[in-house]
Amino acid sequence: MSDPATNFLSGIGELYLQGLQAWQQAARAVTEAGRPAQPGPRPASAGPLADLGQAFAAMSGNAQASYEDHFADATGGGAGETMSALGQAWMIAAGSALRYGQGLLDVQTRYQSALLRAAGAPSDRVTTDAFRGFLREVGETAEREARRLQFELEQLGEKIARASEHPADPETLNPRPYRAKE
Amino acid sequence: MNNLGVTPGFGEDVIASLGFSAEMALLRQRIAQWIAACDPEMREALEWQFVSGSKYFRPLTIFACYRSIIQGQIPEQLITSALVIEMFHNMTLVVDDILDKSPTRRGRATMHTKFGELNALMTSGYIVADGYAQLGGDLPAIALFSELMKRLGVAEVMQWRLRRQLLGVEDWRRIAGEDTGSMFEICACLGDRSFRLRRFGGLLGLLYHGCDDVGDVRGAVALGGGGAEDLRDGILTLPAALAIRDPEIGALFCRPDPSAEDLGRIAAAFAAKLPEAEAALDAIAEEARREAKLFAVDPGPLLALVDRTRRLSG
């Protein structure tokens, strides 16, 4: 019998590696774009950042599907509440990781022209200021997402604590998937 | 030095629209009671300082942060926090006015002009000491006010050390974030003791500081009138950080004794950078709105604060 939590974890792990790979490819492509053009055909693409955006969108969809595959049925079981909470926690964590990647992408997109300028010319004060702004925003993106993750997990924890203090009617909390014989 | 004394646009209408009229009336009453209980030697100077038309934007920020997280009446402890933040704020105004040699504020003589520098300095110390006494056993608030005092001190020293230098917008963010930013950060933490709105407060303060800088260039005298002093002293304001990217203006800005003609050229260069400065302020306002939406239960009061603050640049 498969363990939904382990399967979901493994699924998220794969998605994370895919995202990391996409990010590295995009970073390489951005760096290369700052260099003189090389002879030979270039692969058809809407641009490295657009590709990365699509990768994040796909990852978000895959994470939702993975959650539904592994946890959707678990809520009806004996340990339904725990599994449901665990599933929600993993969804929050996965959503946070994806949002973080998306946030970095947004920052990169906003500063792309300044970064390319910095790569191709000696630095001046305007470029240096822009680069410092880029670094600050990268840090702020991580810090904000960490606070958001913590906040969302706290809310989930409080919800669980409230539910355990005031348990609902067991009949309505975990409805039986069959009708009792009359 | 930045003189953020009066906040036009923050009148009774804003207080009423956010539903804090009763709390503000209580705060005014607490200020009057506190002054009445002070040493008679200090009382006249304190009355002069505290009746000079503050719009209570810092207390308003404390109350709005509380209400954005918790519904219901503002607790007594927060009224005390509001009283003490107003006391600390006035202390900074007294010190600013002495350093800037400002003869007037809010249309009347500054404390040192009317009572002399010694009296003004001693009164500012008295205000801080009694502020801590007012907090009683509220230990988290004591820690927050201590943090504020230290950060304001560091910010002022840093701002003075970095005057007349070729710095950028990122340097301005750092200085303003520690100066006005720290004041509003502490307001947010006093209002919401989970500190979830700390970053929001910092951004609101940064926005306020930037709007003041831009308002000064626009000649909005009512904003505190600190523009001429900042220009004379080579203080890094937001328009300055943008204008001195031009090497010619940068060289004029760094002169230790600029002539009237130099100051005129610098002022014109600052004015030319206003659209860029306004765009930077729009981005900061948007950051603040995002924080409010992410971390407040009811972001409404916080969004109203951001919108009102944003309008201060004129």
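How many salt bridges are there between chain A and chain B? The count is five. A salt bridge here is a side-chain nitrogen of Lys or Arg within 4 Å of a carboxyl oxygen of Asp or Glu. Side chains of opposite charge can pair when their charged atoms come close.

Some ground rules. This is a predicted model, where local features need pLDDT of at least 70, side-chain atom pairs count only at pLDDT 80 or more, and totals for chains, interfaces and linings use all residues. Residues are numbered from 1 along each chain as its sequence is written, chains are lettered from A and ligands numbered from 1 in the order in which they are written, and side-chain values use heavy atoms, with hydrogens and water left out.

Now chain A. It has five helices and zero strands. Along the sequence, that reads α-α-α-α-α. Helices (H or I, at least four residues) and strands (E, at least two) are DSSP runs, numbered from the N terminus. Chain A has 182 residues, and 29% of them are buried. Buried means under 20% relative accessible area, exposed means over 50%, and partly exposed is in between (1.4 Å probe, protein chains only). Take the contacts in chain A between residues at least 6 apart in sequence: 80% join residues at least 24 apart. Contact means heavy atoms within 4.5 Å.

On to the interface. Here 12 residues of chain A touch 16 residues of chain B. Together the chains bury about 1400 Å², with 45% of it on carbon and sulfur atoms. Buried area is the accessible area (1.4 Å probe) that two parts lose on being put together, summed over both.

Look at the salt bridges again. One pairs Arg147(A) with Glu291(B), at 2.8 Å from N to O. On the side of chain A that touches chain B, two residues are nonpolar, one is polar and nine are charged. The classes are simple: Ala, Val, Leu, Ile, Met, Phe, Trp, Tyr, Cys and Pro are nonpolar, Asp, Glu, Lys and Arg are charged, and the others, Gly among them, are polar.

Another salt bridge joins Arg199(B) and Glu140(A), with the closest N and O atoms 3.0 Å apart. This pair crosses between chains, from helix α11 (residues 198-217) of chain B to helix α4 (residues 125-165) of chain A. Is Glu140(A) buried or exposed? Glu140(A) is buried, because its relative accessible area is 14%. Arg199(B) is at 23%, so it counts as partly exposed.

Next, a pair inside chain B. Arg173(B) and Glu287(B) form a salt bridge, the closest N and O atoms being 3.4 Å apart. Arg173(B) sits in helix α9 (residues 169-178) and Glu287(B) in helix α16 (residues 274-295), so the pair ties together parts that are 114 residues apart in sequence. Both residues are buried.

Which residues link up in a network of salt bridges? They are Arg136(A), Glu140(A), Glu170(B), Arg173(B), Arg199(B) and Glu287(B). Over all chains, the count comes to 33 salt bridges.

Last stop: helix α4 of chain B, residues 57-69. All 13 of its 13 residues are buried. At 1.5 Å a residue, its 13 residues should span 18 Å, and the end C-alpha atoms are 19 Å apart, which agrees. The expected span is 1.5 Å times one less than the number of residues.
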